Structure formats: structure tokens, C-alpha cells
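Work through the exercises below with the sequence and the model open. Try each task before reading its solution.

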Amino acid sequence: MTYTEENPEIARPIIKEMPELLCPAGNMEKLETAVAYGADAVYLGAGDLNLRSAGAGFKWEELPVAFELCRKNNVQAYFCVNAYPKEKDLTKVRADLEKLSKCPPDGLIIADPGVLMLAAEILPDIPVHISTQANTGNSEAVKFWKKFGASRVNLARELSASDVADIAAESGGMELEMFVHGAMCMAISGRCFLSAWLNDRSANMGRCTHPCRFEYKATGLRVEEKTRPGQDVWEAVEHDGYTEFFAAEDLCLVHYVRMLAKLGVASLKIEGRTKSSSYLAQVVDVYRTVIDKVKEGGPLPGNAMEELVNAATRPLTTAFFKSSGPSTLALPPSKEERKPVVARVLEQREDGSWLLSVKARWEDACDVSLLLPGLKRPLVASGDYSFTAADGEPKDVIHSGTQAVLRCDHPGIAAGVFIRKEALKN
């Protein structure tokens, strides 16, 4: 018998070690957040060849500090060199790999065969993981990458659960990785040319301007296909005269962690090097807790979807994973429903108060909750804390982009913890 979505128990038993939780680290704060909330591994980049070079990368001189933080916390660090370089870029590829030879990561994430060849020459002892950008969709492709030295393949995002099961059964023990949460792309595994066409900035070189998220003015975009009369196949819905008709929904496979573990998927990956650290804290905490619960044999935590929805800015969907087709799981919250993250705790001061990095407007009339690992969300009532500006001036409102000082005796407060606003009292 073979695996089916209707009968997942036929799949192999859950592996002894659960899948690795692989999280984005777009800068040092995001790296610290991923580590604090339970990442087993992080992926990051520097320079111009990591597909997020436009706004989510480290400076080369920061890498030793970043890698040391990972080592101290038993977290693997994978470095992205997953752009598709042109001939003129090969000198830069070689130079970047040479820099890494002096400060090697735990693995390289690569999409292009030419980059793979250079990595084998310059960094022969560093494991190579094939990026989802390579669009690997069958077991023979997995074996191809293994033949040329890869130790892991991140499968294409366009696969169903049964596709993944079939590949896992035929891949000869090769490690498989999958994206389970975050932004999707309208193109095949992210290989898109819209940005290059509109703004002369190639997504395949890490400089995407995300024109799929732009707002377009529709001039009649409801269409039906010839063999489907009376059925609207595509429709552009306007908001204030414009529509985001290219924009894909966001992936969410939190309900399928147990299934993926039984299939033997080695790594579950969260998208989002350009997302905020506030977003990362909530999403990483959910998937860390879910993986741990699955390992214990327990159910999905009751507040898992609530947390993911609160962090969402687009509808959450199963995308191609279900053979029955995409299923929208939840819509992003309204402005009134959203609980915004208002601050991140930086450090404790000598007088016992806490220095904050303020992420959003925060009025002291609000109850707040602490985002503690394990999906713990203890409430702190408005009368149980106070804050001042960083210079000590009393404040009843603090604003995004500033620092402030919090006075609160709650035992859960610690450096690196995020604080979230609850409903404003009337």
C-alpha cells in the first residue's frame, strides 16, 4: 500500500529526531529572535548573491558574530548563495565563496549548477543544500543533485503531499526540505521576471521589487475560458480603484507537521528574511511548539492558528499541498482584531527596569501580553506597568522607532521577549 492524504498512517512512523525547524535570519535582530523562539537552524546571506540582497542580508564583518551566536545555541547556520548569476557575475561568486572559506557556515544553499561547481572547488567540505529555486519536483532530479555533491534538496513549492511522499520513497535517503509557511510566488519556485521587466531588478539575482504585490488599476478583468462558459476563471477585485491580482496567498502547512514527519522530511522551512522580527517571533514560536507537541504525540496547540493569523498580512492557504486543490485556511485579521507587537525587550538596567525597542504605538491604558516560547501568552494589565522615554521623561504613549524604559515586575520579562498589545480598554 502507498501513502494517501486519506490514509496517512501508511507512511513510515515518525522519525526519532523530528524535522529540523529552519528559520529566516535577515539581520542580527532577526537571528537573535529565531534562536530565542526555537529555531534548530537559520538561513542567512551577505553580499549580492543570496536572493534577498536588496534588504535582508548581513554585512560580511557581521558573519563571525552571527555564526558564533548560532554555535553557542546549537543552531545550524546555512548561507545562501542561491542566485542565478550571469557570466559577468562569476567573479563575484568566486570572491564571495573565498570570503566564506575564512568564516565557513554549516551549509550552503545553492540553486545554480555553476555555483555548485565553484563551491565544490573552493569549499569542498561544506555541505550543500539545493534551493527551492532549482524547482526539484521528482526523485531523479534529487538523485542528480546527490550525484553532484548535494546532501539536501529543498523541494519545489508546487508539489502535493502525494508528490512529496513518492519522492521521499524513491530518493535513496537523501535529505528533503520543504517550505511550510510564508509568502508564495506567482512564478515557478520563485523564478520570476516581472521585477526585471518593470524595474530592471532581477528577482533571480536577489533584487526583486515584488511587482506581484503592486496595486494595478483594473479596466475589465473578469474572464471565462472558452470550454467553461458561464464560469469566471479569473477575476480582479478592486479596492479603492486598484487590485493586487498577481499576488499569491501565503503558505501555511501547520496542520501537516505530523504528516511531514512521518514522510521523513528532514527540514521544515519558514519563509521571511524580509519580514519583521515581530512576525518571526510569533511564527517561529508556533512551529517550534507544534513540532514539539507532535514529537510528544499531542494535538495541535489550541492557539496555533490564532497566532499565525495574527501575524498574517495575506490569506493563509495550503497552496498545492492538497490533491483537492488550494484551500484558504484563514483571512488576515481586520485592523480592529489584530494584536500588534508593540516592543522588544533589549536588556535589563541596573535599577531593574527594562530597555525597550518600540515597534508600534503603545498607550499605557492597554493590557499587553508577553510572547514567551511555548506559545505562553501571560497577560500584563495596564495598571501593572509603566514606561518612560529613554531619557526618563514620563510618558503615557510611546512610538515606533524609539527606545523606552519599562517598569514591570512580571517574572516572564527577559531580554529578547516581545510584548503584544491586547484590546484597548474603553
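**Exercise 1.** Is tryptophan 362 buried or exposed?

Solution. The model is predicted: local features need pLDDT of at least 70, side-chain atom pairs count only at pLDDT 80 or more, and totals for chains, interfaces and linings use all residues. Residues are numbered from 1 along each chain as its sequence is written, and side-chain values use heavy atoms, with hydrogens and water left out.

Step 1: take the cut-offs, which are under 20% relative accessible area for buried, over 50% for exposed, and partly exposed in between (1.4 Å probe, protein chains only). Step 2: tryptophan 362 has a relative accessible area of 1%, so this residue is buried.

**Exercise 2.** Classify the aromatic pair of tyrosine 37 and phenylalanine 418, and locate both residues.

Solution. Step 1: rings of Phe, Tyr and Trp (its six-membered ring) pair if their centres lie within 6.5 Å; planes under 30 degrees apart count as stacked, over 60 as edge-to-face and the rest as tilted. Step 2: the structure holds eight aromatic pairs. In the pair of tyrosine 37 and phenylalanine 418, the centres are 6.2 Å apart with 55° between the planes, which is tilted. Step 3: tyrosine 37 sits in the loop between H1 and strand E2 (41-44) and phenylalanine 418 in strand E23 (residues 418-424), so the pair links parts 381 residues apart in sequence. Helices (H or I, at least four residues) and strands (E, at least two) are DSSP runs, numbered from the N terminus. Step 4: tyrosine 37 is buried at 2% relative accessible area, and phenylalanine 418 is buried at 0%.

**Exercise 3.** How do the axes of helix H1 and helix H2 cross, and which residues make the contact?

Solution. Step 1: axes are lines fitted to C-alpha atoms, for helices over the stretch in contact, with angles from 0 to 180 degrees between N-to-C directions. Step 2: the axes of H1 (residues 28-36) and H2 (residues 63-72) come within 11 Å and cross at roughly 5°. H1 is therefore roughly parallel to H2; the cut-offs are under 35 degrees for roughly parallel, over 145 for roughly antiparallel, 65 to 115 for roughly perpendicular, and oblique for the rest. Step 3: Met28, Leu31 and Glu32 of H1 meet Val65, Ala66, Leu69 and Cys70 of H2, where contact means heavy atoms within 4.5 Å.

**Exercise 4.** Where does alanine 319 lie, and what is its phi?

Solution. Step 1: alanine 319 lies in the loop between strand E12 (316-317) and strand E13 (328-330). Step 2: its phi is positive, about 55°, although alanine 319 is not a glycine. Most residues other than glycine have a negative phi.
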